[in-house]
Amino acid sequence: EPDSYGDVIAKGAFARTLDEWRAKAESGLSIPLLYGHNTDDPHHNIGKVTEAREDEKGLFIRAEFDADNDLAQYARKLAAEGRLYQFSFAYSVRDAGEVEIGGYPAYELRDLDLYEVSLVQIPANQHAVVTGIKSGRRNSKADADELRQIRALAAQITQAINGLLADEDEQDEPDGGPEPDANAEEPDMAN
């Protein structure tokens, strides 16, 4: 189905560029997830695509939000609430041509260079939608690893403190009770 510009994407149009992105991933690079195609403000780089492939509907992606970016976390909230639920992507055309679809002219995009994927309010193709948002942690993996280390250290500290207190409690307990004082007066039991 043509988008609002009259473009249709041919099956396989992403094959080459996705292969190139897979090769880049080996060097630690990933397809950026942006908010609103804003490439000028680094805060709008809200995450990264972790999986990209073509399926029967077109480009399918999985992405993760940047845990250290407040805008990314707000975008996650909006997506989870169904208030931000559509995608778009930036690309350049390597191969395309005129076609007719259902008796109407269209421009078929056959080979694309993919630059980024964006969460947007209004995409060119109304079928480019978010299909699910997992509840995620706000902490980055590095933060989570550090928190696990702190928890392990806290457990060790707690164990050490408990051991020291147990030793202290044992020292405070008398063996058979106090020795009676020979000079002490007998208590008066009469009322």
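Which side chains meet in a salt bridge with an N to O distance of 2.8 Å? Here, Arg-83 and Glu-81 do. By salt bridge I mean a side-chain nitrogen of Lys or Arg within 4 Å of a carboxyl oxygen of Asp or Glu.

Quick housekeeping before I go on. This is a predicted model, where local features need pLDDT of at least 70 and side-chain atom pairs count only at pLDDT 80 or more, while totals for chains, interfaces and linings use all residues. Numbering runs from 1 along each chain as its sequence is written, and side-chain values use heavy atoms, with hydrogens and water left out.

Okay, back to Glu-81. Glu-81 also forms a salt bridge with Lys-77, with the closest N and O atoms 2.8 Å apart. How exposed are these residues? On relative accessible area, buried is under 20%, exposed is over 50%, and partly exposed is in between, using a 1.4 Å probe and protein chains only. Glu-81 is partly exposed at 44%, Arg-83 is partly exposed at 43%, and Lys-77 is partly exposed at 36%.

There's also a network: salt bridges with shared partners join Arg-16, Glu-20, Arg-94, Asp-111 and Asp-113. Inside that, look at Asp-113 and Arg-16, whose closest N and O atoms are 2.8 Å apart. Asp-113 is in strand β6 (residues 104-120) and Arg-16 is in helix α1 (residues 15-25), so this pair ties together parts 97 residues apart in sequence. Helices (H or I, at least four residues) and strands (E, at least two) are DSSP runs, numbered from the N terminus. Asp-113 is buried at 15%, whereas Arg-16 comes in at 21%, partly exposed. The salt-bridge count comes to ten.

Now, the second largest pocket. Its volume is about 210 Å³, meaning the space filled by probe spheres set on grid points, which are joined across faces, edges and corners. A pocket, on a 1 Å grid over the protein atoms alone, is an open set of points where a 1.4 Å probe fits, with protein on both sides within 12 Å along at least five of seven lines; lining residues have an atom within 4 Å of a point.

Who lines it? Among them are Leu-18, Trp-21, Arg-22, Lys-48 and Glu-51. The elements giving two or more residues to that lining are α1 and β3 (45-54), and β3 supplies the largest share, five residues. By class, the lining has seven nonpolar, two polar and three charged residues. Nonpolar covers Ala, Val, Leu, Ile, Met, Phe, Trp, Tyr, Cys and Pro, charged covers Asp, Glu, Lys and Arg, and the others, Gly among them, are polar.
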